[in-house]
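Subject: Structure handover

Hello,

Here is the structure I promised to pass on. Please open it beside this email and follow along.

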Amino acid sequence: SCPRCSSTGGDYAILSPPVAKNDPFGDVFGSDPLYLFVLPGEELDPGGALERLEIAFPTPAERRTRTPLFCTSHRLEPFDHATVDALIAGLVRSFMPEHEATRYSAHSMRIGAACTLLCAGVSTAMIQRLCRWRSEEAQRIYARIEPAAYLTRITELAHTRLRPDSPGVIPAIDNDDVAAGLHTYLLHDAE
């Protein structure tokens, strides 16, 4: 049981991903496991899907660390990038025209997750951790504000009224005498 997750109730799987291109020694994300919650009745139920996979293809405990979670065959060959991209392309083509579907890949799903999290108000530091981006720069590049969310924020800004005594409000300053002096100086300098 994970004490940090106990407030959610229900079952979940804890996955410890192997090292990756952006963390070849496991010293950045190695301490951050992934949690897949079982969400009965939900359309997206990652923990339940993993549970069904485990039941269909059981793996003895002694082989667990050597067995890929997702395989392309009974020879237990792990998914490679091409396989994942092909699976996602097939999924996307099921509801999108071919010419549009070719623009999406596994990386698109990661970007979509980051954009969704950003629009939900999740902190940029948390988005970076969840998407497993090593640098803040990657998060700034990929976690984009959707146009509708941008419009909402700008509309809120336009309708916000600050009290004159609110912190950060610039006080009104009458500089008529300074402006008049500058005007006279510039006119005199031009002669």
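In the protein chain, take the contacts with a separation of 6 or more: residues 24 or more positions apart account for 34% of them. Keep in mind that this is a predicted model.

**The overall layout**

The protein chain has eight helices and two strands. Along the sequence, the pattern runs β-β-α-α-α-α-α-α-α-α. The chain counts 191 residues, and 16% of them are buried. Its accessible surface comes to about 15,000 Å². Carbon and sulfur atoms hold 61% of that surface.

Which residues of H1 are buried? They are Gly47, Gly48 and Leu50. These residues cover an arc of only 160° around the axis, so they sit on the same side of H1. What do they pack against? The buried residues of H1 meet strand E1 (12-15) and strand E2 (34-37).

**The core**

Next, look inside. The largest nonpolar core is made of six residues. They are Ala114, Ile127, Cys131, Trp133, Ala138 and Ala143. Leaving aside neighbours within four places in sequence, Cys131 touches Arg110 and Ala114. Ala114 is also one of the six core residues.

Now go to Ala113. This residue belongs to helix H4 (residues 106-119). Is Ala113 buried or partly exposed? Its relative accessibility is 35%, so Ala113 counts as partly exposed. Buried would need under 20%. Ala113 is 29 residues from Tyr142 in sequence. In space, their C-alpha atoms are 9.7 Å apart.

**Ala101 in helix H3**

Ala101 is found in helix H3 (residues 98-101). The relative accessible area of Ala101 is 3%, so this residue is buried. What is Ala101 in contact with, leaving aside its neighbours within four places in sequence? The answer is Val92, Arg93 and Met96. Leu91 lies ten residues from Ala101 along the chain. The C-alpha atoms of Leu91 and Ala101 are separated by 9.0 Å.

**Salt bridges**

Side chains of opposite charge can pair when their charged atoms come close. How many salt bridges does the structure hold? There are five. Here are some to look up.

Start with Asp32 and Arg129. They form a salt bridge, and their closest N and O atoms are 2.2 Å apart. Asp32 lies in the loop between E1 and E2, while Arg129 lies in helix H5 (residues 124-130). The pair therefore ties together parts that are 97 residues apart in sequence. Asp32 is partly exposed, at 21% relative accessibility. Arg129 is partly exposed too, with a relative accessible area of 35%.

Then find Glu54 and Arg64. Their side chains meet in a salt bridge at 2.9 Å, N to O. Glu54 is in helix H1, and Arg64 is in the loop between H1 and H2. This pair therefore ties together parts that are ten residues apart in sequence. Glu54 has a relative accessible area of 28%, so it counts as partly exposed. Arg64 is partly exposed at 35% relative accessibility.

Salt bridges that share partners join Glu136, Glu137 and Arg140 into one network. Is Glu136 buried or exposed? Glu136 counts as exposed, at 51% relative accessibility. The cut-off for exposed is over 50%.

One more stop. Leu69, Phe70, Phe79 and Leu87 make a nonpolar surface patch. The patch has an area of about 350 Å². Where is Phe79? Phe79 is in the loop between helix H1 (46-56) and helix H2 (81-93). Phe79 has a relative accessible area of 31%, so this residue is partly exposed.

Over to you.

Best wishes

Technical notes. Residues numbered from 1 in each chain as written. Predicted model: local features only at pLDDT ≥ 70, side-chain atom pairs only at ≥ 80, totals over all residues. Heavy atoms only, no water. Patch = residues over 30% accessible without salt bridge, like charges linked within 9 Å, V, L, I, M, F, W, Y side chains within 5 Å. Areas by Shrake-Rupley, 256 points an atom, 1.4 Å probe, with all protein chains shown as cover. Salt bridge = Lys/Arg side-chain N within 4 Å of Asp/Glu carboxyl O. Helix = DSSP H or I, 4+ residues; strand = E, 2+ residues; numbered from the N terminus. Buried < 20%, exposed > 50% of the residue type's maximum accessible area, 1.4 Å probe, protein only. Core = buried A, V, L, I, M, F, W, Y, C linked by side-chain atoms within 4.5 Å. Contact = heavy atoms within 4.5 Å. Arc of directions from axis to C-beta.
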